[in-house]
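Here is my note, as promised, for someone opening this structure for the first time. Have a look at the model, then read through the points in order.

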Amino acid sequence: MNTTPQPDPKDRPARLTVGVVGAGRVGPALAASLQLAGHRPVAVSAVSEASRRRAGQLLPDVLVMPPAEVLQRSDLVLLTVPDDALPGLVTGLADTGSVRPGQLLVHTSGRYGTRVLDPALRAGALPLALHPAMTFTGTPVDVQRLAGCSFGVTAPDELRLAAEALVIEMGGEPEWIAEENRPLYHAALALGANHLVTLVAQSMELLSSAGVAAPDRMLGPLLGAALDNALRSGDAALTGPVARGDAGTVAAHVTELRRHAPQTVAGYLAMARATADRALAHGLLKPELAEDLLGVLAHGTDLTDGTEGDAR
(Lines give C-alpha, C1' and ligand atoms only; values in the text may rest on other atoms or scores of the structure.)
Protein backbone atom coordinates (compact mmCIF):
# COMPACT_ATOMS: atom_id res chain seq x y z
CA MET A 1 0.00 0.00 0.00
CA ASN A 2 1.20 3.52 -0.77
CA THR A 3 2.16 5.15 2.54
CA THR A 4 3.61 8.39 1.15
CA PRO A 5 2.05 11.37 2.99
CA GLN A 6 -0.31 13.21 0.66
CA PRO A 7 -0.59 17.02 0.76
CA ASP A 8 -3.96 18.67 1.00
CA PRO A 9 -5.53 18.65 -2.50
CA LYS A 10 -6.10 22.43 -2.35
CA ASP A 11 -2.35 22.97 -1.91
CA ARG A 12 -1.32 20.97 -4.96
CA PRO A 13 -0.35 22.74 -8.19
CA ALA A 14 -1.44 21.86 -11.73
CA ARG A 15 -4.97 20.69 -10.97
CA LEU A 16 -6.58 19.33 -14.14
CA THR A 17 -10.04 19.28 -15.64
CA VAL A 18 -10.95 15.63 -16.19
CA GLY A 19 -13.19 14.06 -18.82
CA VAL A 20 -14.35 10.47 -19.18
CA VAL A 21 -15.14 8.81 -22.51
CA GLY A 22 -17.01 5.62 -21.71
CA ALA A 23 -18.91 5.53 -18.41
CA GLY A 24 -18.55 1.82 -17.78
CA ARG A 25 -17.47 0.51 -14.41
CA VAL A 26 -13.92 1.88 -14.54
CA GLY A 27 -14.02 5.45 -15.81
CA PRO A 28 -16.30 7.09 -13.24
CA ALA A 29 -14.42 5.43 -10.37
CA LEU A 30 -11.05 6.71 -11.59
CA ALA A 31 -12.45 10.18 -12.17
CA ALA A 32 -13.96 10.16 -8.67
CA SER A 33 -10.61 9.19 -7.18
CA LEU A 34 -8.89 11.98 -9.11
CA GLN A 35 -11.52 14.37 -7.75
CA LEU A 36 -10.52 13.36 -4.22
CA ALA A 37 -6.97 14.34 -5.16
CA GLY A 38 -8.12 17.81 -6.15
CA HIS A 39 -8.69 17.45 -9.89
CA ARG A 40 -12.03 18.53 -11.38
CA PRO A 41 -14.19 16.14 -13.41
CA VAL A 42 -16.13 18.28 -15.90
CA ALA A 43 -17.62 15.99 -18.55
CA VAL A 44 -18.48 12.37 -19.25
CA SER A 45 -19.85 10.51 -22.25
CA ALA A 46 -22.46 7.88 -21.43
CA VAL A 47 -24.81 6.17 -23.85
CA SER A 48 -26.76 3.47 -22.01
CA GLU A 49 -29.11 4.12 -19.13
CA ALA A 50 -26.86 2.03 -16.85
CA SER A 51 -23.80 4.11 -17.72
CA ARG A 52 -25.74 7.32 -17.10
CA ARG A 53 -26.76 6.03 -13.67
CA ARG A 54 -23.14 5.14 -12.84
CA ALA A 55 -21.97 8.59 -13.92
CA GLY A 56 -24.69 10.23 -11.85
CA GLN A 57 -23.83 8.19 -8.77
CA LEU A 58 -20.07 8.61 -8.84
CA LEU A 59 -19.82 11.98 -10.58
CA PRO A 60 -22.89 13.99 -9.56
CA ASP A 61 -23.30 17.35 -11.32
CA VAL A 62 -20.82 16.38 -14.06
CA LEU A 63 -22.23 17.05 -17.52
CA VAL A 64 -23.01 14.20 -19.91
CA MET A 65 -22.09 14.98 -23.51
CA PRO A 66 -20.67 13.45 -26.72
CA PRO A 67 -17.01 12.33 -26.72
CA ALA A 68 -15.79 15.21 -28.88
CA GLU A 69 -17.23 17.73 -26.43
CA VAL A 70 -15.70 15.85 -23.49
CA LEU A 71 -12.29 16.33 -25.08
CA GLN A 72 -12.99 20.01 -25.72
CA ARG A 73 -13.51 20.67 -22.00
CA SER A 74 -10.79 18.44 -20.50
CA ASP A 75 -7.07 18.69 -19.81
CA LEU A 76 -6.99 14.99 -18.92
CA VAL A 77 -9.20 12.52 -20.76
CA LEU A 78 -9.82 8.97 -19.53
CA LEU A 79 -10.63 6.61 -22.40
CA THR A 80 -12.39 3.76 -20.59
CA VAL A 81 -14.03 1.78 -23.37
CA PRO A 82 -13.75 -1.96 -24.14
CA ASP A 83 -10.39 -3.07 -25.57
CA ASP A 84 -11.73 -3.85 -29.03
CA ALA A 85 -13.37 -0.41 -29.30
CA LEU A 86 -10.27 1.56 -28.29
CA PRO A 87 -8.32 1.73 -31.59
CA GLY A 88 -11.35 2.92 -33.55
CA LEU A 89 -12.24 5.48 -30.90
CA VAL A 90 -8.74 6.97 -30.88
CA THR A 91 -8.58 7.12 -34.66
CA GLY A 92 -12.02 8.72 -34.85
CA LEU A 93 -11.20 11.39 -32.26
CA ALA A 94 -7.94 12.23 -34.00
CA ASP A 95 -9.48 12.33 -37.50
CA THR A 96 -12.26 14.69 -36.41
CA GLY A 97 -9.84 17.14 -34.81
CA SER A 98 -11.14 16.53 -31.30
CA VAL A 99 -7.68 16.02 -29.79
CA ARG A 100 -5.90 19.13 -28.55
CA PRO A 101 -2.09 19.55 -28.41
CA GLY A 102 -0.80 19.07 -24.87
CA GLN A 103 -3.88 17.15 -23.76
CA LEU A 104 -3.24 14.14 -21.53
CA LEU A 105 -4.95 11.14 -23.12
CA VAL A 106 -5.12 8.14 -20.76
CA HIS A 107 -6.53 4.74 -21.65
CA THR A 108 -7.16 2.00 -19.09
CA SER A 109 -6.87 -1.10 -21.29
CA GLY A 110 -4.65 -3.85 -19.96
CA ARG A 111 -4.05 -5.20 -23.46
CA TYR A 112 -2.59 -2.07 -25.04
CA GLY A 113 0.36 0.15 -24.28
CA THR A 114 0.67 3.66 -25.67
CA ARG A 115 1.11 2.66 -29.33
CA VAL A 116 -2.67 2.43 -29.72
CA LEU A 117 -2.73 6.18 -29.01
CA ASP A 118 -0.38 7.04 -31.91
CA PRO A 119 -3.11 8.78 -33.96
CA ALA A 120 -3.74 11.11 -31.02
CA LEU A 121 0.01 11.50 -30.43
CA ARG A 122 0.38 12.81 -33.99
CA ALA A 123 -2.32 15.35 -33.13
CA GLY A 124 -0.24 16.55 -30.18
CA ALA A 125 -1.75 14.54 -27.31
CA LEU A 126 0.33 13.18 -24.43
CA PRO A 127 -0.28 9.40 -24.28
CA LEU A 128 -0.49 7.29 -21.11
CA ALA A 129 -1.62 3.71 -20.48
CA LEU A 130 -2.78 3.26 -16.86
CA HIS A 131 -4.47 -0.07 -16.19
CA PRO A 132 -5.78 -0.70 -12.66
CA ALA A 133 -5.26 -4.34 -11.66
CA MET A 134 -8.63 -4.45 -9.94
CA THR A 135 -12.12 -5.76 -10.58
CA PHE A 136 -14.82 -3.08 -10.64
CA THR A 137 -18.46 -3.15 -9.60
CA GLY A 138 -19.61 0.24 -10.90
CA THR A 139 -20.38 1.45 -7.36
CA PRO A 140 -18.64 3.82 -4.90
CA VAL A 141 -16.83 0.89 -3.27
CA ASP A 142 -14.53 0.87 -6.32
CA VAL A 143 -12.98 4.18 -5.26
CA GLN A 144 -12.03 2.69 -1.89
CA ARG A 145 -10.57 -0.42 -3.53
CA LEU A 146 -8.11 1.69 -5.51
CA ALA A 147 -6.14 2.27 -2.30
CA GLY A 148 -3.02 0.13 -2.69
CA CYS A 149 -4.12 -1.17 -6.10
CA SER A 150 -1.33 -1.85 -8.60
CA PHE A 151 -1.56 -0.12 -11.98
CA GLY A 152 0.11 -1.49 -15.08
CA VAL A 153 1.74 1.65 -16.48
CA THR A 154 3.22 2.27 -19.93
CA ALA A 155 4.34 5.76 -20.90
CA PRO A 156 7.01 7.58 -22.91
CA ASP A 157 10.10 8.34 -20.86
CA GLU A 158 9.28 12.04 -20.70
CA LEU A 159 5.85 11.28 -19.20
CA ARG A 160 6.85 8.68 -16.63
CA LEU A 161 6.75 11.16 -13.76
CA ALA A 162 3.30 12.38 -14.80
CA ALA A 163 2.02 8.81 -15.05
CA GLU A 164 3.45 7.91 -11.67
CA ALA A 165 1.95 11.02 -10.06
CA LEU A 166 -1.55 10.28 -11.40
CA VAL A 167 -1.46 6.69 -10.16
CA ILE A 168 -0.24 7.72 -6.72
CA GLU A 169 -2.92 10.42 -6.51
CA MET A 170 -5.53 7.72 -7.14
CA GLY A 171 -4.08 5.77 -4.22
CA GLY A 172 -2.41 3.20 -6.44
CA GLU A 173 1.06 1.75 -6.95
CA PRO A 174 2.64 2.09 -10.43
CA GLU A 175 4.11 -1.06 -11.98
CA TRP A 176 5.98 -0.35 -15.22
CA ILE A 177 5.08 -2.66 -18.12
CA ALA A 178 6.98 -2.57 -21.42
CA GLU A 179 4.86 -1.97 -24.52
CA GLU A 180 5.64 -5.40 -25.94
CA ASN A 181 4.71 -7.12 -22.66
CA ARG A 182 1.21 -5.66 -22.30
CA PRO A 183 -0.69 -8.64 -23.82
CA LEU A 184 1.21 -11.12 -21.62
CA TYR A 185 0.66 -8.95 -18.55
CA HIS A 186 -3.06 -8.76 -19.27
CA ALA A 187 -3.33 -12.50 -19.96
CA ALA A 188 -1.77 -13.20 -16.56
CA LEU A 189 -4.34 -11.03 -14.79
CA ALA A 190 -7.25 -12.54 -16.72
CA LEU A 191 -6.03 -16.06 -15.95
CA GLY A 192 -5.88 -15.30 -12.24
CA ALA A 193 -8.90 -13.04 -11.69
CA ASN A 194 -11.46 -13.63 -14.43
CA HIS A 195 -11.14 -17.41 -14.42
CA LEU A 196 -11.26 -17.43 -10.63
CA VAL A 197 -14.78 -16.00 -10.76
CA THR A 198 -15.85 -18.79 -13.12
CA LEU A 199 -14.31 -21.48 -10.89
CA VAL A 200 -15.88 -20.10 -7.73
CA ALA A 201 -19.30 -19.75 -9.35
CA GLN A 202 -19.14 -23.34 -10.61
CA SER A 203 -18.04 -24.56 -7.19
CA MET A 204 -20.96 -22.80 -5.49
CA GLU A 205 -23.44 -24.28 -7.97
CA LEU A 206 -22.09 -27.80 -7.37
CA LEU A 207 -22.22 -27.37 -3.60
CA SER A 208 -25.84 -26.25 -3.88
CA SER A 209 -26.59 -29.34 -5.94
CA ALA A 210 -24.93 -31.44 -3.21
CA GLY A 211 -27.30 -29.97 -0.62
CA VAL A 212 -25.06 -27.33 0.97
CA ALA A 213 -27.32 -24.54 2.22
CA ALA A 214 -24.70 -21.75 2.25
CA PRO A 215 -21.97 -22.46 -0.34
CA ASP A 216 -20.49 -19.00 0.05
CA ARG A 217 -20.05 -19.48 3.80
CA MET A 218 -18.40 -22.85 3.25
CA LEU A 219 -16.07 -21.63 0.50
CA GLY A 220 -15.08 -18.31 2.04
CA PRO A 221 -12.55 -19.54 4.63
CA LEU A 222 -11.27 -22.31 2.33
CA LEU A 223 -10.68 -20.07 -0.68
CA GLY A 224 -9.26 -17.29 1.47
CA ALA A 225 -6.70 -19.66 2.95
CA ALA A 226 -5.90 -21.19 -0.47
CA LEU A 227 -5.32 -17.75 -2.00
CA ASP A 228 -3.16 -16.63 0.90
CA ASN A 229 -1.10 -19.83 0.77
CA ALA A 230 -0.68 -19.57 -3.01
CA LEU A 231 0.49 -15.96 -2.86
CA ARG A 232 2.93 -16.78 -0.07
CA SER A 233 4.23 -20.16 -1.23
CA GLY A 234 3.40 -20.66 -4.91
CA ASP A 235 3.34 -24.30 -6.01
CA ALA A 236 4.30 -25.48 -2.52
CA ALA A 237 0.71 -24.61 -1.54
CA LEU A 238 -0.78 -27.28 -3.83
CA THR A 239 -3.01 -29.74 -1.97
CA GLY A 240 -5.87 -32.05 -2.84
CA PRO A 241 -6.30 -35.35 -4.71
CA VAL A 242 -4.39 -34.34 -7.85
CA ALA A 243 -1.30 -33.24 -5.94
CA ARG A 244 -1.50 -36.44 -3.85
CA GLY A 245 -2.00 -38.69 -6.86
CA ASP A 246 -5.40 -40.02 -5.72
CA ALA A 247 -6.51 -41.29 -9.13
CA GLY A 248 -9.61 -43.00 -7.72
CA THR A 249 -10.89 -39.80 -6.16
CA VAL A 250 -10.28 -37.80 -9.31
CA ALA A 251 -12.07 -40.47 -11.38
CA ALA A 252 -15.02 -40.33 -9.00
CA HIS A 253 -15.11 -36.54 -9.38
CA VAL A 254 -15.24 -36.84 -13.16
CA THR A 255 -18.03 -39.43 -12.99
CA GLU A 256 -20.14 -37.19 -10.73
CA LEU A 257 -19.48 -34.10 -12.79
CA ARG A 258 -20.55 -35.90 -15.96
CA ARG A 259 -23.77 -36.90 -14.22
CA HIS A 260 -24.67 -33.60 -12.56
CA ALA A 261 -22.79 -30.81 -14.40
CA PRO A 262 -21.32 -32.02 -17.71
CA GLN A 263 -20.49 -28.45 -18.70
CA THR A 264 -17.82 -28.38 -15.96
CA VAL A 265 -15.94 -31.54 -17.00
CA ALA A 266 -13.66 -29.95 -19.61
CA GLY A 267 -12.57 -27.21 -17.21
CA TYR A 268 -12.03 -29.67 -14.35
CA LEU A 269 -9.84 -31.92 -16.51
CA ALA A 270 -7.84 -29.01 -17.93
CA MET A 271 -7.12 -27.53 -14.50
CA ALA A 272 -6.34 -30.96 -13.03
CA ARG A 273 -3.82 -31.65 -15.83
CA ALA A 274 -2.16 -28.29 -15.23
CA THR A 275 -2.10 -28.99 -11.48
CA ALA A 276 -0.60 -32.46 -12.04
CA ASP A 277 2.13 -31.02 -14.27
CA ARG A 278 3.07 -28.43 -11.66
CA ALA A 279 2.91 -30.94 -8.80
CA LEU A 280 5.19 -33.33 -10.71
CA ALA A 281 7.65 -30.59 -11.62
CA HIS A 282 7.94 -29.50 -7.99
CA GLY A 283 8.22 -32.98 -6.51
CA LEU A 284 4.82 -32.93 -4.79
CA LEU A 285 3.25 -35.67 -6.92
CA LYS A 286 5.13 -38.96 -6.68
CA PRO A 287 6.00 -40.35 -10.14
CA GLU A 288 4.78 -43.83 -9.18
CA LEU A 289 1.31 -42.39 -8.47
CA ALA A 290 1.20 -40.17 -11.53
CA GLU A 291 0.57 -42.86 -14.18
CA ASP A 292 -2.96 -43.83 -13.09
CA LEU A 293 -3.83 -40.20 -12.40
CA LEU A 294 -2.66 -39.00 -15.80
CA GLY A 295 -4.59 -41.86 -17.39
CA VAL A 296 -7.80 -40.65 -15.77
CA LEU A 297 -7.09 -37.11 -16.88
CA ALA A 298 -6.21 -38.17 -20.42
CA HIS A 299 -9.35 -40.25 -20.96
CA GLY A 300 -11.77 -38.61 -18.55
CA THR A 301 -12.96 -42.05 -17.41
CA ASP A 302 -12.64 -44.16 -14.28
CA LEU A 303 -9.52 -46.31 -14.69
CA THR A 304 -9.56 -47.39 -11.06
CA ASP A 305 -12.17 -48.93 -8.77
CA GLY A 306 -13.89 -45.54 -8.40
CA THR A 307 -13.67 -45.53 -4.61
CA GLU A 308 -13.87 -41.99 -3.29
CA GLY A 309 -10.97 -40.84 -1.17
CA ASP A 310 -10.26 -37.88 1.07
CA ALA A 311 -10.98 -34.83 -1.08
CA ARG A 312 -9.34 -32.26 1.13
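The numbered points below go from the sheet to the cores and then to a few single residues.

1. First, the ground rules. This is a predicted model, with residues numbered from 1 along each chain as its sequence is written, local features needing pLDDT of at least 70, side-chain atom pairs counting only at pLDDT 80 or more, and totals for chains, interfaces and linings using all residues. Side-chain values use heavy atoms, leaving out hydrogens and water.

2. Start with the sheet: eight strands make an open, mixed one, ordered β3-β2-β1-β4-β5-β6-β7-β8. Helices (H or I, at least four residues) and strands (E, at least two) are DSSP runs numbered from the N terminus, and two strands pair if DSSP finds at least two bridges between them. At the edges stand β3 (63-64) and β8 (173-176), each with a single partner strand, so one side of each has no neighbour in the sheet.

3. Helix α4 (residues 86-95) packs on the sheet and touches β1, β4 (76-79) and β5 (104-107); contact means heavy atoms within 4.5 Å. Its direction makes about 145 degrees with that of β4, where axes are lines fitted to C-alpha atoms, for helices over the stretch in contact, and angles run from 0 to 180 degrees between N-to-C directions.

4. Now look at β7. Strand β7 runs antiparallel to β6 and parallel to β8, with four bridges to β6 and four to β8. Phe-151 in β7 is the bridge partner of Pro-132, while Val-153 has Trp-176 in β8 as its partner.

5. What about the inside? The largest nonpolar core has 33 residues, and Phe-151 and Leu-130 are among those touching the most other members. A nonpolar core is a set of buried Ala, Val, Leu, Ile, Met, Phe, Trp, Tyr and Cys residues joined through side-chain atoms within 4.5 Å. Helix α1 gives the largest share, five residues. Another core, of 19 residues, lies apart from it and includes Leu-93 and Tyr-112.

6. Finally, is Asp-95 buried or exposed? This α4 residue counts as exposed, at 64% relative accessibility.

Key: Buried means under 20% relative accessible area, exposed over 50%, partly exposed in between (1.4 Å probe, protein chains only).
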